[in-house]
Amino acid sequence: MLISNEMKEKIFFKNSKGYKLCGILSNPDFSKKEKITVLCHGFTTDKNSSSNIMFEKILNENKISTFRFDFTGHGESEGKLDEITISIAADDVLSAIKFLKRRGYSKIGLIGSSFGGLASILASSKSNDLHIIALKSPVSDFYELFLLQGGKQLIEKWRKDGYINYTSNNGNNFKLNYSLLKEAQEINSYKVAPKIKIPVLIVHGDCDEAVPLAQSKKLASLLKNCKLEIIKGADHRYSNPEHFNKMISLISDFIIKNF
């Protein structure tokens, strides 16, 4: 169904588990279905993040359609947030790609933010339908983040209890099942990076307090066709408007030029 006169359409599609996921298709010209970029948000956020809205605006102005969607358990999508895992998120991305292929799009790109970056890399290693990837401060090794934030004591408590209490960026509290941590011990971007041949851009701040820059440096070294852009002074949220605008510009320009 159309949700405005700006050529946007709210769509529900299913992942492989049968959950209905919600996305917004924003198409600068509905008669042209060649180029589109899938926008993958971060952990505990949703499709309406400030970055996604800016990417949508800039790319649409340059005749590139966008599809921003909510991961399982996020935003308007079905499922429980406390049950999310890396493989489920990657499956959500692959399901979005399959949906867009059925709609007639032939050139598909990805922009993945933080946790969405990890899901994008994993999905890219399993898909032959992607043209380009841009990653904003991507998580490459989720297990390492948990170790850095909580140490071995948190890991052991999580294993023993079967869950941990987690507070999202917007202040909501919920439980994260141990399945996320268990899977994170075995799944990361480094293992699948050599499989990815398409152009990749990584943008990361050197003052990122949530995801170490070292993760992106390692990931970039393992990708065959990758450029790493480091924004000096930028934190994980790009809270400084100057840093935010530079990140948006670097990623948008990369997508536009390579498409």
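T44 counts as buried, with a relative accessibility of 10%, where buried means under 20% relative accessible area, exposed over 50% and partly exposed in between, as computed with a 1.4 Å probe on protein chains only. The model is a predicted one, in which local features need a pLDDT of at least 70 and side-chain atom pairs count only at pLDDT 80 or more, whereas totals for chains, interfaces and linings use all residues. Residues are numbered from 1 along each chain as its sequence is written, and side-chain values use heavy atoms, with hydrogens and water left out.

The residue T44 is found in the loop between β3 (35-40) and α1 (50-61), the helices (H or I, at least four residues) and strands (E, at least two) being DSSP runs numbered from the N terminus. Although T44 is a residue other than glycine, its phi is positive, near 65°. A positive phi of about 60° is also found at K63, which is not a glycine either, and K63 is placed in the loop between α1 and β4. K63 is exposed, with a relative accessible area of 54%, whereas T44 is buried.

The strands are arranged in an open sheet of 8 strands, with mixed pairing and the order β1-β2-β4-β3-β5-β6-β9-β10; two strands are taken to pair if DSSP finds at least two bridges between them. In general, the strands of a sheet pair through backbone hydrogen bonds, either parallel or antiparallel.

Strand β1 (residues 8-14) pairs with β2 in the antiparallel sense over 7 bridges, and within this pairing L25 of β2 is the bridge partner of E9. The hairpin formed by β1 and β2 has 5 residues between the strands, and G18 takes a positive phi near 90° in this hairpin. Strand β2 (residues 20-26) has 6 of its 7 residues buried, so it is largely enclosed by the rest of the structure. An antiparallel pairing over 4 bridges joins β2 to strand β4 (residues 65-69), with I24 standing opposite R68 in β4. By contrast, β3 and β4 pair in the parallel sense, over 5 bridges, and F69 in β4 is the bridge partner of C40.

Helix α3 (residues 115-124) lies across β3, β5 (107-113) and β6 (130-136), and runs at about 145° to β5. Helix α8 (residues 241-258) lies across β3, β5, β6, β9 (200-205) and β10, and its direction is at about 170° to that of β6.

With a disulfide defined as a pair of cysteine sulfur atoms within 2.5 Å, the count comes to 0 disulfides. C22 is in no disulfide, and the nearest cysteine sulfur, that of C40, is 14 Å away; C40 likewise is in no disulfide, its nearest cysteine sulfur being that of C22. C22 counts as buried at 0% relative accessibility, and C40 also counts as buried at 0%.

Notes
Contact = heavy atoms within 4.5 Å. Axes fitted to C-alpha atoms, helices over the stretch in contact; angles between N-to-C directions.
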